[in-house]
Amino acid sequence: MINEKIENAINEQINAEFWSAYLYLSMSVYCSHEGLSGAANWFDIQFKEEQDHARKFIRYILSRGGKVTLLPIEKVETEWKSLLDAFKDTLKHERVVTQKINDIYTLAIKENDYATQSFLNWYIDEQIEEEETAQNMIDALKMIGDGYGLYQFDKELATRTYTPLAEE
Ligand code: FEO
């Protein structure tokens, strides 16, 4: 049985993951409006992956006999100055998510919840990748600027494919 403090923290994290999904869907729509169909594809996959992150937390609470509470999703930004600006926001947002995961881990240590510590390792590794990817996008976009470089970069982002997270 999961303890109530951990259950509440994970329920909040489920909400944060869905909020992330909503933010990336908003970025995907923004990119579509800007004619950046490759970037729209990239953020749409990000949208799907965030839903997978939320589902993984949901399955975990259920597997430990806890109660899942789906909280309201706050509104998200809908406009960015550029694709670079959107990726800067992505990095900022992922750093916040990393901190939230770390906070739950700290709580799990305090509460002697070893199962949750073990479960969270997947998210800790995932966050390293999330931050690194966003940073790489920022670095690339700063290098290429607008125009033909951006056109080529957008084509590259169009090649990203979605792989659903395996259910354990
Ligand atoms: Fe669910 Fe982008 O971290």
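1. The lining of the largest pocket divides into seven nonpolar, three polar and seven charged residues. Ala, Val, Leu, Ile, Met, Phe, Trp, Tyr, Cys and Pro count as nonpolar, Asp, Glu, Lys and Arg as charged, and the others, Gly among them, as polar.

2. A word on the source. This is a predicted model: local features need pLDDT of at least 70, side-chain atom pairs count only at pLDDT 80 or more, and totals for chains, interfaces and linings use all residues. Residues are numbered from 1 along each chain as its sequence is written, and side-chain values use heavy atoms, without hydrogens and water.

3. Back to the pocket. Its volume is about 330 Å³. Of its 17 lining residues, Ala16, Trp19, His93, Val96 and Lys100 are the closest to the centre. H1 and H3 each supply at least two residues of this lining.

4. Next, the helix pair. The axes of helix H1 (residues 4-33) and helix H3 (residues 83-110) come within 11 Å and cross at roughly 170°. H1 is therefore roughly antiparallel to H3 (angles over 145 degrees count as roughly antiparallel). The contact of H1 with H3 has 17 nonpolar, four polar and five charged residues.

5. Last, a loop residue. Asn112 is found in the loop between H3 and helix H4 (114-144). Phi of Asn112 is near 55°, a positive value in a residue other than glycine. Most residues other than glycine have a negative phi. Is Asn112 buried or exposed? Asn112 counts as exposed because its relative accessibility is 52% (buried means under 20% relative accessible area, exposed over 50%, partly exposed in between, with a 1.4 Å probe and protein chains only).

Notes
Axes are lines fitted to C-alpha atoms, for helices over the stretch in contact, and angles run from 0 to 180 degrees between N-to-C directions. Helices (H or I, at least four residues) and strands (E, at least two) are DSSP runs, numbered from the N terminus. Angles under 35 degrees count as roughly parallel, over 145 as roughly antiparallel, 65 to 115 as roughly perpendicular and the rest as oblique. On a 1 Å grid over the protein atoms alone, a cavity is a set of points where a 1.4 Å probe fits but cannot get out, and a pocket is an open set with protein on both sides within 12 Å along at least five of seven lines; lining residues have an atom within 4 Å of a point. Grid points are joined across faces, edges and corners, and a volume is the space filled by probe spheres set on the points.
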